Every structure is written in C-alpha cells, then in structure tokens.
Amino acid sequence: MILHLSDLHFGTEKPECIRAIQKFCLDHQPEAVIVSGDLTQRARYQQFYHCKQFLDSLKIPYLVVPGNHDIPLYHVWNRIFSPFARYRLFFGQLEDVLETEHFYIVGVNSIRRRYHTKGHISVEQIQQVNLALERAPPNKIRVIVAHQPFYTPPDQNHGVKDCPILGKMALETWSKNGLNALLHGHLHQSAVYDLNQVYQLDSPHPVLEIHAGTATSYRLHHGLPNGFNVLLNDVDVQHYYFSEPDQDFKIDERCA
Ligand SMILES: [Fe+2]
C-alpha cells in the first residue's frame, strides 16, 4: 500500500496532524509516501527545510512533486528566473520515478510560472511519461502524480479551470499504457473518479483519479477535515480524515 499525502503547506502545518502521520507510518509501514504538491505555504527556505525533516522522519521512501505554492510569490526575480531553485535545493529533481514491491510511480511537474494555478503538461512530458510507463514491469500498479486534478465534476465551482492545459491529451495517451491511477491535490478535498468511465478511455481496467485533501494544514476547504488517502495493492482507495477528539486519523467508513 502507498500513503498519498497532499498540500502539506509547511508554514501553516498542524503539529497534531504531523504526529498522527508519523504514528500511522510506524503502525502501517506503507511501501512509499507520495506527496502531490504544495509542500510549503510560500516556498520559503524554512518551510522546505521543515517539510524535508518531516518526510525524512517517516523513514519510508517518498516521492514528491511541486505545487503552485512551491514557487516564490513575492520574490519576482526568483519567480521569473529560477522558480524551482528552493524546491530543487531540498528535493532535487522536479520529476522522479519510484518503484516499490507493488507500484510503479511517476512524478509529473505541472507547475509553470505563467500557469502556476491551473497547471500545464507539455508534449515532451506526455512522451517522457509514456516511455516511463512502457518501462514499468507488467505486474506493477502504474501511478502518476501531479498537483492539479485532471478532472473535476462540472457541478463543482472549480469547473475545469483548475485542470492543467493538455491534461486530457496526456490522460488519453497514458491510459493506453496501462495507467491505473492518478494522484492529485490542489483542491483540498478528497474524491475518487473512474476516468475510464468519465471519458470512455477504452482502458481494460479503471483509471482512478484520486484527489487528496490537505493532510496537515489549517487552510481547510469549507471546513472539511484534514485527510489523506491510502492506495491498496488491489488498486482500491481508502480515505482517512483527522478526528479532533481522537487527535488521530480515522478511516472514512462511507468510502471504505
Ligand atoms: Fe494547496
């Protein structure tokens, strides 16, 4: 199983959520921890430092991708000429691949200086991820991680404005190479959709679009609790939410 965290927003983190995630990892020992962007609130050195300290403390392999909050907002020079300098200093590559016993996970950087909120996938990224998926061992669950969602239902306020440019084209291409699931954050709201049904992708199996809420930040969406997802080895998803009375994450039985 893998633990899917998102929107940690260090600088606005809640210590009780940090402690509860550390306990969850000790108790459940996931194969990997995946963070789908917004590691920090304002891309400050201290915030990246504390985020890295937290992820290292879990003692589990992890893969992270940038979110729109991980490039400087107020430092215009850095924002234009080296938006990812601080991110790279702490986390190295913007895009990485992590292979575990059951999963093959590909990180995709969807953040651009000009499209930092909406996101953007390039034609080159579509091709590179396709090559990575082709290299994936056939018995492994194929997962892609990007900050912005590739689908939001039309009845939500978000519409399609927060789905990356070329995201649909990327999805149609990657789903031909055995893609099982996409992990996202950004909306601070948990959800799961089968994009194979939504877009009729013609995949022989579901292509799950998995959204995570914020795992640790007090910047909550419409009062929704903090939460995270667990992706099980049979490609099933469990949502967990933070229970204030218990000071711990509890499984959301409505989604289990
Ligand atoms: Fe966020």
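Modeller: The iron ion is held by D7 (OD), H9 (NE2), D38 (OD) and H188 (NE2), at 2.0 to 2.3 Å. Donors here are N, O and S atoms within 2.8 Å of the metal (3.2 Å for Na, K and Ca); water is not among the atoms, so sites may look incomplete. This is a predicted model, in which local features need pLDDT of at least 70 and side-chain atom pairs count only at pLDDT 80 or more, while totals for chains, interfaces and linings use all residues. Residues are numbered from 1 along each chain as its sequence is written, and side-chain values use heavy atoms, with hydrogens and water left out.

The angles among the four donor atoms run from 84 to 176°, and the site is irregular. Four donors count as tetrahedral if all angles lie between 85 and 135 degrees; four count as square planar and six as octahedral if opposite donors are over 155 degrees apart and all others between 65 and 115; anything else is irregular.

Along the sequence, the donor residues follow the spacing D-x1-H-x28-D-x149-H. H9 sits in the loop between strand 1 and helix 1, and H188 in the loop between strand 7 and strand 8, so this pair ties together parts that are 179 residues apart in sequence. Helices (H or I, at least four residues) and strands (E, at least two) are DSSP runs, numbered from the N terminus.

H9 and H188 are both buried. Buried means under 20% relative accessible area, exposed over 50%, and partly exposed in between (1.4 Å probe, protein chains only). H188 has 10% relative accessibility, which is why it counts as buried. Its phi is near 55°, a positive value in a residue other than glycine.

H222 also has a positive phi, of about 50°, although it is not a glycine. H222 is in the loop between strand 9 (208–211) and strand 10. H222 counts as exposed because its relative accessibility is 69%.

A nonpolar core is a set of buried Ala, Val, Leu, Ile, Met, Phe, Trp, Tyr and Cys residues joined through side-chain atoms within 4.5 Å. This core has 35 residues, of which L3, L5, I21, F54, F91 and F228 touch the most other members. Helix 1 gives the largest share, six residues.
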